[in-house]
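Open the model in your viewer and keep the selection tool at hand. We will go stop by stop.

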Amino acid sequence: KEITFAFSSKENFRIEPGEDLLSTFTLDEALSSISNFLKGFKGEIVFFDSKSTNHSLYQYTDEFIDAEDVMLMLYVIDANHNYSSSSEALKYQGYSGENISSELFDLYEKCSSKLKTEGESIYLNIEKPLIEVLFEMERAGFNIDTKVLSDLNDKYGQELSQIDYLIHTFTENKTFNVNSPKQLAEVLYDELNLPSGKKRSTDVDTLKYLQDKHPIIPCILEY
């Protein structure tokens, strides 16, 4: 694994921890050192996905590190795009994605400027404070009875298998996937010749409309 960080958009720093004798740091030692530094740092801290980063660092910090979150800023600016990683976000925003931390720092500055014209209050007063709330909720979790869940999984699995078998007794195609809207539409409207309309929909409202047209429909609704 590799840890990168930056103090500006001009230079990217990289730590490559390892577990062999030639390595300067193990991963635990590197994360512990960085965490202790961040706990005492008085300046601005910038993360991509602050909640996930805090989960990774919490065993070393034992506290939530308040930081600006570029992923959240991008969401406030344009909620139509979600990013699974910092490199994906950087590449979409026109960066190389190779010097992640320094490029992220530059993107943070651009996002900050953009939010000042629109969305800053949403980010500062609603979205950002919610990060720590969600973080604490995820850490606290809730108790579950794994035996009950396992029993329910077996019970519903058996019921689904029985209904799935019954559905396929009405069709010539014995291998189609009931969960596939495309394959289900082909069975209903091409093989069974049920009235389709222009959209050939398989949503619940359409299936309810068709439920007295063929005995397969109540089975699909139950499924």
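Select Cys219 first. This is a predicted model, and here Cys219 is buried, at 10% relative accessible area. Now pick Cys111. Cys111 is buried too, with a relative accessible area of 3%. Both values fall below the 20% cut-off, so both residues count as buried.

Next, go to Lys213. Look in the loop between helix 9 (204-210) and helix 10 (216-222). Is Lys213 buried or partly exposed? Lys213 counts as partly exposed, at 43% relative accessibility. Pro195 and Lys213 are 18 residues apart in sequence. Their C-alpha atoms are 8.9 Å apart in space.

Now select helix 8, residues 181-191. Colour its buried residues: Leu184, Ala185, Val187, Leu188 and Tyr189. Turn the view to look down the helix axis. The buried residues fall within an arc of 165°, so they line one face of helix 8. Show what covers them: helix 9 and helix 10 are included. Then step just past the end of helix 8 to Asn193, where phi is positive, about 55°.

Last stop: the surface. Select Phe142, Ile144, Val148, Leu149, Leu152 and Tyr156. Together they form a nonpolar patch with about 610 Å² of accessible area. Zoom in on Val148, which sits in helix 7 (residues 146-169). Val148 is partly exposed, at 40% relative accessible area.

Technical notes:
Residues numbered from 1 in each chain as written. Predicted model: local features only at pLDDT ≥ 70, side-chain atom pairs only at ≥ 80, totals over all residues. Heavy atoms only, no water. Patch = residues over 30% accessible without salt bridge, like charges linked within 9 Å, V, L, I, M, F, W, Y side chains within 5 Å. Areas by Shrake-Rupley, 256 points an atom, 1.4 Å probe, with all protein chains shown as cover. Salt bridge = Lys/Arg side-chain N within 4 Å of Asp/Glu carboxyl O. Helix = DSSP H or I, 4+ residues; strand = E, 2+ residues; numbered from the N terminus. Buried < 20%, exposed > 50% of the residue type's maximum accessible area, 1.4 Å probe, protein only. Arc of directions from axis to C-beta. Contact = heavy atoms within 4.5 Å.
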